[in-house]
Amino acid sequence: MEFSGSMVEFLENKSILVTGSTGFLGKVFVEKLLRVQPNVKHLFLPLRALDQKSASQRLHNEVLGKEVFSVLRSKYGSRFNSFISGKLTPIAGDVALQNFGLADDSDLLDKLLKEVDIVAHFAATAKFDERYDVALQTNTIGAKNVLEFAKKCVKLEMFVHISTAYVCGEKSGVVLEKPFKMCETLETTTIVLDIEEELKLAQSHLKELMVAEVSEKVEKDAMAVFGMQRARLFGWPNTYVFTKAMGEMLIGKLGENVPVVIIRPTIVTGTYKEPFPGWSEDVRYCNSK
């Protein structure tokens, strides 16, 4: 993640809302923003939490307390906490909810809509075989909700959506980048991909399991299997990339007249050089087959 000089200058005095800051990429993004452009105006960080106090605890325990911030801590020394408190605002909010669950008449929502210049959407569930209802709500509807929020920001200059290269499928050779169209699939099928229908199917399948009064584990496993089946029906290898692809489709449909940037990273491992070589966390070995 190398910022050019012009990008660093662009970020000066900008207010940026960053979702998914507790994730690996989100942490690295927040740390580098603060390190290379200390004159960024402010970062607003929605975090899933019961209240503002819990959000602050998550910020300190799951973001600022990580080793990736050690270089920044050394740079500011005793001034680190005051620097952070002046730059970061944790928000108890969930991307699965409209406006992160903030009340329409809240002062905080009004402040965000007036001040945010850039929205960077990192939040996602990256588990390949996540239960279908959860993956849809986070990766698909979450992308829609964050975009709809961004569209209401009066100063919006950019909406950045972090996707994955594997939305294009697992193909050999060079795969040229192109945005998804609504209902587009990776495999020819007589069944039309309809996102609204997928949401209804997921809820219907969940309701059937609840009526059957299955155990929590059986419900979780069944919803995970259902997601993999739906993904493979349309040509995607797993639920994660399928729901991320549908999130891109909604952004493409609803993001007209919005300065949208979609980034599709490949496999994320650890830091190459900055803030120091080799930092990583939550290393997992997954098989999508």
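**Exercise 1.** Which residues of strand S4 (residues 118–121) are buried on one side, and which on the other?

*Solution.* First, the ground rules. This is a predicted model: local features need pLDDT of at least 70, side-chain atom pairs count only at pLDDT 80 or more, and totals for chains, interfaces and linings use all residues. Residues are numbered from 1 along each chain as its sequence is written, and side-chain values use heavy atoms, without hydrogens or water.

Strands are DSSP runs of E, at least two residues; helices are runs of H or I, at least four; both are numbered from the N terminus. Buried means under 20% relative accessible area with a 1.4 Å probe, protein chains only.

In a regular strand, side chains alternate between the two faces of the sheet. On one side of S4, Ile118 and Ala120 are buried. On the other, Val119 and His121 are buried.

**Exercise 2.** Find the strands that pair with S4.

*Solution.* Pairing takes at least two DSSP bridges. S1 (residues 15–19) runs parallel to S4, with four bridges. Ile16 has Ile118 as its bridge partner. S5 (residues 158–162) is also parallel to S4, again with four bridges. His121 is partnered by His161. From S4 the chain passes through helix H7 (residues 132–151) to S5 in a right-handed β-α-β crossover. Right-handed means a clockwise path from first strand over helix to second, with the strands pointing away from the viewer.

**Exercise 3.** Describe the setting of Glu31.

*Solution.* Locate Glu31: helix H2 (residues 24–36). List its contacts (heavy atoms within 4.5 Å): Val68, Phe69, Leu72 and Pro275, leaving out residues up to four places away in sequence.

Key
Buried means under 20% relative accessible area, exposed over 50%, partly exposed in between (1.4 Å probe, protein chains only).
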